[in-house]
Every structure is written in C-alpha cells, then in structure tokens.
Amino acid sequence: MLISLRNVEKSYPIGVGRVYVLRRVNLDIREGEFVSIMGPSGAGKSTVLHILGMHDSAWSGEYYFMDQPVHRLNPKQRSELHKKHIGFVFQSYHLLDNLTVYENLEIPLSYRNVSRKDRQSMVADILDRFQIVGKKDLYPNQLSGGQQQLVGVARAVIANPQVILADEPTGNLHTAQGKEIMELFRSLNDSGATIIQVTHSEVNASYGTRIIQLRDGWVVDEEAQPAVGSRAGDH
Amino acid sequence: MVFMVEVRPVDPNVRTSAAFFGVSPDYFPAMGIPIVEGRGFTERDDERAPGVIVINETMAARTWPGENPIGKAVIVSYNDTPPRTIVGIVADVKQGGLTDRRQPQMYTPFVQAPWPFLATVVRTTAAPQSAAGSLRQALARLDPEQAAGEIRTLDEYVARSMATPRFTAILIGAFAGLALLLAGFGLYGVMAYSVAQRRREIGIRMALGAREADVRSLVAGQALRMGAAGVTIGLVGALLVTRILDSLLFGVTAGDPATFAGVSAVLMTVLIVAAYLPARRATRLDPIVALRAD
C-alpha cells in the first residue's frame, strides 16, 4: 500500500471543549490510483490533503507512507520523505510573484540537493514537456490563471514525485483551462503518478479512479469510478 | 623661534622656525625622551662652552632631508648668540597637548639661553604626589624667594590637556551608541516587517521543501544584503564627512582603515543580532497557516 491512514484525527481546543476537523479517518491508497476527495466546505478535505502532504503535523493516529510510519518521524525526516516522493498543487497556484516562471520551477529542486547543472537541465525538460518554454522569463502576473496553474503543476512534478497532491487545482480556472489541467493530471496518472485531488467538481472527480466523500470530518463514502476507458475525456 | 642654517643661503621668502626650549642636561632622561642620534647635554655644555643644540626628528627631516644634521650649525634668533652646533637628535614630543602636530623643535642647554620662567621636571621612584613636599623644600633651599607654583604629575597635565577632547569624544560616543541602538531597533523592525510581508513566500517555500536552515538563510541573506548595501553607503558617507572630526582624532587618521573595518564589523554584528529573532520566527511559521492566510 502506498498510503494508509489509521484513525487519524485532528482537533482544535475551543473554550473548554474541542472542535474536531477530522474524526477517525481510515484510508488506503494504492500506487497508480487517481483519487478524488470530495465533500462540502469545512468537511476536512484540504486538511486530509495537507496531512498526506506532510505540511500538517498536528494530528493524532497513524499514517504510513510507503510503509514508513510518518506519525513517528521527526519534522526533518517528514520533510525529506515529502521532498523525495510528493508534489503539491495549490488552488491559488502559489507561485512566487517576484520570480520568473523559470525561477519558480527551480525552487523545489533548489531544496533537493540537485546540482545547478542538473537543475538547468530538469527545468528545460519540464518547460519543454509542458510547452511553456516561451513563458520562462515571464512573471506570474504576466500569465493567465490557466497558465499559472500549468506552471504550478509543472513545479509539482519537476522533481519526479510518485505522488501528486492537488488542492482544488481548477478552483480558480475557467472550464476550458480546468479541463486542460485535468487532462494533464490524467496523462501524469497514465504515466504512473499517483494523484490525490480535492475537488468540488463531479466532472473533475470523474477523471479519477475513486472518490472519497468526507462530511464533518468523517469519511462517509468511498466509491470506485468507472473503468479507465470510460473516464472523463474519453467519451 | 626663527633659525637659520649656517652656510646655507637664506631664502627671504621662507621663514624657518622651530619651537625652542632651554633645558638642563637631565631633561631628556627625566622626560623619557629618547635620543635617536648623537648625544644629549652634559654639565660641560655650560655658558662658557661653545653653543650646542639638539633638534627633533621632524626638524632633522625637514631641514636636512637625506643628510645627517649632526655637526651642522644653526643660528637661532635669540639674543644675537653665535651659531650653535647640532650635537644630537631626539624623538618628537607633543609639548602642548595630544592635538599638537609634528613640528620642528630645538633644545639648547638652559645655561646657554636663560629664560625668566622655569619649570622643573622630577622623576621619582615613590608616588609622585608624596614627593611634592620635599620638592618645595629643595626649591626653598635654592631660592627662598622663589614660590613653587603648581606641582602636578605629567599624567595630570596630559589629562588636563585631554579634558575637552575627552568630553567631546564621550559626547560623540554616547550619541553614536544611541544611534547604533536606534539603528539596531530599526533593523529589527525592518526585518520583522519584511518577514511578516514574506509570510506567504516563506509558507510556499516550506511547502515546497524548504527546511528551517533554508528559511533562516533566506531571511539572513536578505538582512546581509541590506546590511552590505547600508554599510557601503555609510562608509562612503563617512569618508566624506569624517574630515570634520579630523581635529578630534589623535593617533588615527580620518580615513583609518582599521577603524572603518571595525565599525563595519560592529554594524554587521548589530544587523545579525537584529535579524536573528525575525529569522527564527520565520522558521517557526506554519506553512498551512501562511498559505491559508493568502
């Protein structure tokens, strides 16, 4: 199993009591899956994603990532595990405004002990692969939302992670731009990446292989999507 | 005192002068003035002996550059006395105070150039102030009519000459310290503000894999770049205005490299201290909070 959550809970103290964001979440995700986490606002979707992405460490329960007990790792070990295997795509793109597209793509590599020469080659490859070579010297505010998210996805996959986590990746995009990004996710999934996305969109969820429904912090439903051949975009 | 070098044609446009002192044979050892070349005075250099003179290094260098002045003669415009032969060269002495510039100085035996005012220098092995009584008695034995004026140690005279510059230096130092403190607080404020402004960026970087050390070096790097720019601008400004302080500086020049390097190091240290807390705070930033706040 690639990812296993066992009785994961997250809560905040409020007054004399506690408010629970996640309750006894159990989750198994296999390698190569394309999972969509859905649910109403406040259900805990993004919280699950940030726990999976190891950005959030204030929770209880057990989390196994590639058989490694994340719940027992110290922050440095978690960070190393994250850097080695996980790419993250944000709803608001979260590109750095004062850096060019090229420099934004270089950031994750600069934190991964990749030599300058290798960084140049990897950034050149990803620019080519995502067909954004012509945008490399532009700043984020010179790009459309779709182009910014394209850069955001490129940044998430530049270090060749096995797992891509996407927090409402098309939430700020037009339908056409959203479709383009989802097609991109599907092609990444087809080439072996495991993708876990948080989405409100049934259409986006239909690109995946499985939907996990959250409500008030509880996993309330899990359903498999139709076979790959009939997934969105293949109609 | 105006002097002329014997055998050298006098240039009417150039007025050669030097401070002139009549001293007793033991003056140089008592004052601790080293004899650089030749000799000092002896008891034999009395009023009947040929006129002799000892000059300082500055006078030797200016009047006889590249030559040995020992044995040469100068005519001092004092009571139409005959030429005096240079018998020695002594080290330069600041006679008036630490602000004195290097200037030519001539010494002649007191008995060969008597003067109505006299100062006595006594080197003691006991505490100098305890010798005051015996000094007065000795003076009274020589001349009961003669009153001993103030008796002070050389350190006291030096301290007195330093009183005004010292007060000025303390004042300037206090203001400089205050300015440094304010600059430190200012830098802290700027760095704290900058970190607050960069919360989102820091959060993104942490979410993309930046570790504490990376964030620390990001903030410290910004502080150091700011500091280097500030110090460079400050150094240029200081080089332009330190001439004003020239009259208050003793033993250092206005553009003293060691002072400039030291002050730069102090400022950079203040900068590092001021940047430390904001940098540490930045490493404790929760990326989730920073990203959600966006």
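**Figure 1. Packing of helices H3 and H4 in chain A of the predicted model.** Helix H3 (residues 101-110) of chain A packs against helix H4 (residues 116-129) of chain A at an angle of about 130 degrees. The axes of the two helices are 10 Å apart. Angles over 145 degrees would count as roughly antiparallel and those from 65 to 115 as roughly perpendicular; H3(A) and H4(A) are therefore oblique to each other. The crossing of H3(A) past H4(A) is right-handed.

**Figure 2. Residues in the contact of H3(A) with H4(A).** From H3(A), the residues shown are Tyr102(A), Leu105(A), Glu106(A), Leu109(A) and Ser110(A). They meet Arg119(A), Met122(A), Val123(A) and Ile126(A) of H4(A). By class, the residues of this contact are six nonpolar, one polar and two charged.

**Figure 3. Buried residues of H3(A) and their partners.** Val101(A), Asn104(A), Leu105(A), Ile107(A), Pro108(A) and Leu109(A) are the buried residues of H3(A). Their packing partners in chain A are H4 and H5. Helix H5 (199-207) of chain B also packs against the buried residues of H3(A).

**Figure 4. The contact between chain A and chain B.** On one side are 16 residues of chain A, in contact with 13 residues of chain B. Helix H2 (75-85) and H3 of chain A each supply at least two residues of the chain A side. H2(A) gives the most to that side, with four residues. The side of chain A that touches chain B is made up of six nonpolar, six polar and four charged residues.

**Figure 5. The largest nonpolar core and a second, separate core.** The largest nonpolar core has 79 residues. Those with the most contacts inside this core include Ile37(A), Val48(A), Ala154(A) and Ala275(B). Helix H5 (residues 145-157) of chain A gives the most to the core, with six residues.

**Figure 6. Surroundings of Ile196(A).** Ile196(A) is among the residues with the most contacts inside the largest nonpolar core. Its neighbours within four places in sequence are left aside here. The remaining contacts of Ile196(A) are with Ile29(A), Val35(A), Ile37(A), Leu49(A), Leu52(A), Val163(A) and Leu165(A).

**Figure 7. Chain B.** Eight helices and seven strands are found in chain B. Of the 294 residues in this chain, 20% are buried. Among contacts in chain B between residues at least 6 apart in sequence, 74% join residues at least 24 apart.

Conventions
Residues are numbered from 1 along each chain as its sequence is written. Chains are lettered from A and ligands numbered from 1 in the order in which they are written. This is a predicted model: local features need pLDDT of at least 70, side-chain atom pairs count only at pLDDT 80 or more; totals for chains, interfaces and linings use all residues. A nonpolar core is a set of buried Ala, Val, Leu, Ile, Met, Phe, Trp, Tyr and Cys residues joined through C-beta atoms within 7 Å. A residue is buried if 20 or more other C-beta atoms lie within 10 Å of its own, exposed if 12 or fewer, and partly exposed in between; C-beta atoms are placed from the backbone. Two residues are in contact if their C-beta atoms, placed from the backbone, lie within 7 Å. Axes are lines fitted to C-alpha atoms, for helices over the stretch in contact, and angles run from 0 to 180 degrees between N-to-C directions. Angles under 35 degrees count as roughly parallel, over 145 as roughly antiparallel, 65 to 115 as roughly perpendicular and the rest as oblique. A crossing is left-handed if the near helix is turned anticlockwise from the far one by less than a right angle, and right-handed if clockwise. Ala, Val, Leu, Ile, Met, Phe, Trp, Tyr, Cys and Pro count as nonpolar, Asp, Glu, Lys and Arg as charged, and the others, Gly among them, as polar.
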